[in-house]
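Here is a short report on one protein model. Read it with the sequence and coordinates open.

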Amino acid sequence: MNVSDVMMIFFIQFANTEDKQEFSKYPTKAGRRSLSRSISQSSTDSYSSAASYTDSSDDETSPRDKAQVNTQGSSDFCVKNIKQAEFGRREIEIAEQDMSALISLRKRAQGEKPLAGAKIVGCTHITAQTAVLIETLVALGAQCRWTACNIYSTQNEVAAALAETGVPVFAWKGESEDDFWWCIDRCVNREGWQANMILDDGGDLTHWVYKKYPSVFKKVRGIVEESVTGVHRLYQLSKAGKLCVPAMNVNDSVTKQKFDNLYCCRESILDGLKRTTDIMFGGKQVVVCGYGEVGKGCCTALKALGAIVCITEIDPICALQACMDGFRVVKLSEVIRQMDVVITCTGNKNVVTREQLDRMKNGCIVCNMGHSNTEIDVASLRSPELTWERVRSQVDHIIWPDGKRVVLLAEVMSLLSLFVMPFVSTSTALAVIELFNAPEGRYKQDVYLLPKKMDEYVASLHLPNFDAHLTELSDEQAKYMGLNKNGPFKPNYYR
């Protein structure tokens with residue numbers, strides 16, 4: 001008997017042994033019990049990124065119960081740990097390297113102080129990138145008070161760095177809903193200080209000021225809004241005749257839609273999924289809900305890794321674009337049982353329902369790229385028959401009674417592109433400057449798009465970073481096209 005015959009016998013015996021063994025498809029109940037956490041504990045755990053320097057030794061103490069002061073002796077802030085400021089400063093400095101346009105704007109305009117007298121109350125994601133925006137507004141003369149628009153996305157060390165420099169920041173990762181509204185109120189309600197500008201991402205701050213401080217709302221010079229959700233709320237107010245101040249829709253600016261939403265999401269979706277799950281995407285069945293610019297970026301990245309991607313859409317134009325790009329357009333209910341990954345990026349609510357979550361296969365990964373956590377019916381997963389397990393920071397297993405697990409990233413994957421958003425920050429700064437300095441009568445009580453000239457200026461600020469050289473129109477060419485030689489080069493409705 002030669003070696004190959006021996007190996008064949010061994011393989012057959014091993015295979016027979018494998019056939020005789022009974023492997024359970026799902027983990028045993030005992031195994032689940034040993035690892036599981038209570039629903040309440042999972043819901044209140046603080047989420048941290050892999051790069052976070054959060055000190056977990058005092059995680060049980062709410063920042064609201066701590067007495068903290070910065071090195072200047074100020075206590076007008078509420079962050080997780082002011083001692084993390086040095087780490088946050090390093091992260092902000094790194095972010096500045098990738099935000100050349102905003103830094104260029106800061107250098108060009110800080111001598112003029114175009115925001116001198118501006119009192120800006122802001123509610124955005126608090127990350128290293130948005131910190132660069134906040135510090136630019138301060139450098140241009142503004143006084144700022146800031147809070148977080150998302151209870152999971154705050155980088156604690158960055159919030160500490162801002163508080164250390166004297167910016168009143170009220171935010172920490174893992175806030176409760178009560179904390180969230182408390183922080184917004186602390187930003188707005190400061191004795192001897194009244195906001196005259198609102199910078200919002202999601203509309204929650206605007207809603208709070210409108211409802212609780214109507215006198216402040218009426219005296220605000222303008223509102224700048226960065227998100228789909230917030231813009232929708234503004235248009236609702238305008239339609240109802242209740243918008244008594246001008247507002248700038250930055251979300252639909254070209255530099256936001258065509259750059260942050262597309263290119264930044266194309267990179268951040270993979271970074272976020274790889275960081276939290278470490279899975280391979282080659283051959284995986286993925287459904288992306290929504291084929292707007294965010295969906296396009298996600299699909300491009302996933303397809304490049306070999307994933308089999310299909311799309312859900314309500315808009316026939318976006319659906320046709322998906323078809324022309326080689327993606328199958330389906331209804332979620334038709335494919336939910338086969339999907340390995342489900343990604344939402346619609347800005348809507350209940351895109352993935354509990355009934356669809358119940359039908360998902362074991363191990364399916366569910367995440368949200370939209371602004372808030374309304375796209376996936378996470379609330380329905382807090383039911384007694386389901387068990388939550390914290391796998392690692394930003395990853396939860398939801399376990400059904402039969403042992404099926406769904407990997408939930410929905411609560412923390414919200415707007416992954418927020419970690420790479422150099423374009424919208426510059427557009428936002430210009431929108432604030434424009435509304436604050438606009439002469440009376442230029443803007444009425446309505447919602448406006450960022451002027452195309454400003455969009456083009458934002459793009460031009462980025463070009464030196466690529467050593468790009470623009471071609472200039474001749475007088476004859478400009479006359480032929482009916483354009484000003486210096487722009488704008490596209491109509492205001494161009495997107």
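E112 counts as exposed, because its relative accessibility is 64%. The cut-offs for relative accessible area are under 20% for buried and over 50% for exposed, with partly exposed in between (1.4 Å probe, protein chains only). E112 sits in the loop between α5 and β1. Its C-alpha lies 7.5 Å from that of L140, although 28 residues separate E112 and L140 in sequence.

This is a predicted model: local features need pLDDT of at least 70, side-chain atom pairs count only at pLDDT 80 or more, and totals for chains, interfaces and linings use all residues. Residues are numbered from 1 along each chain as its sequence is written, and side-chain values use heavy atoms, with hydrogens and water left out.

**Overall make-up**

The protein has 19 helices and 15 strands. Both are DSSP runs, numbered from the N terminus: helices are H or I with at least four residues, strands are E with at least two. Of the 495 residues, 52% are buried. Take the contacts between residues at least 6 apart in sequence: 71% of them join residues at least 24 apart. Contact here means heavy atoms within 4.5 Å.

**The sheet**

Seven strands form an open sheet with parallel pairing, in the order β3-β2-β1-β4-β5-β6-β15. At its edges are β3 (169-170) and β15 (447-449), each pairing on one side only. Two strands pair if DSSP finds at least two bridges between them. Strand β2 (residues 143-148) runs parallel to β3 and is joined to it by two bridges. T147 stands opposite F170 in β3.

Helices pack on this sheet. α6 touches β1, β2 and β4 (197-200), and its direction makes about 160° with that of β2. Helix α8 (residues 177-188) touches β1, β2 and β3, at about 175° to the direction of β2. Axes are lines fitted to C-alpha atoms, for helices over the stretch in contact; angles run from 0 to 180 degrees between N-to-C directions.

**Helix against helix**

Helix α4 packs against α7 and against α6.

| Pair | Angle | Axis separation |
|---|---|---|
| α4 and α7 | about 100° | 7 Å |
| α4 and α6 | about 80° | 8 Å |

With α7, the angle is about 100°. That makes α4 roughly perpendicular to α7. The classes are: under 35 degrees roughly parallel, over 145 roughly antiparallel, 65 to 115 roughly perpendicular, the rest oblique. A85, F87, G88, R89, E91 and I92 in α4 meet E157, V158, A160, A161 and E164 in α7.

With α6, the angle is about 80°. That makes α4 roughly perpendicular to α6. Here R89, E91, I92, A95 and E96 of α4 touch A128, Q129, A131, V132 and E135 of α6.

**Nonpolar cores**

In soluble globular proteins, nonpolar side chains tend to be buried together. A nonpolar core is a set of buried Ala, Val, Leu, Ile, Met, Phe, Trp, Tyr and Cys residues joined through side-chain atoms within 4.5 Å. The largest one has 55 residues, and L115, I120, I126, L137, W146 and V169 have the most contacts inside it. Elements that each supply at least two residues of this core include α4 (85-97), α5 (100-109), α7 (156-164) and α18 (452-462). The largest share, eight residues, comes from α17.

Beyond its neighbours within four places in sequence, L115 is in contact with I120, L137, L140, G141, A142, V432, I433 and F436. Another core lies apart from the largest one; it has 29 residues, among them L273, I279, V288 and A301.

**Annotated positions and S427**

Which residues does the UniProt annotation "binding site" cover? The unreviewed entry gives T127, D201, E226, K256 and D260. UniProt positions are in the numbering used here, feature names are shortened, and annotations may be inferred rather than shown by experiment.

T127 is found in the loop between β1 (119-124) and α6 (128-139). T127 counts as buried because its relative accessibility is 0%.

K256 belongs to helix α12 (residues 254-277). K256 is buried too, with a relative accessible area of 11%.

S427 is found in helix α17 (residues 422-437). Its relative accessibility is 0%, so S427 counts as buried. Leaving out neighbours within four places in sequence, S427 is in contact with V250, S253, T255, L450, D455 and V458.
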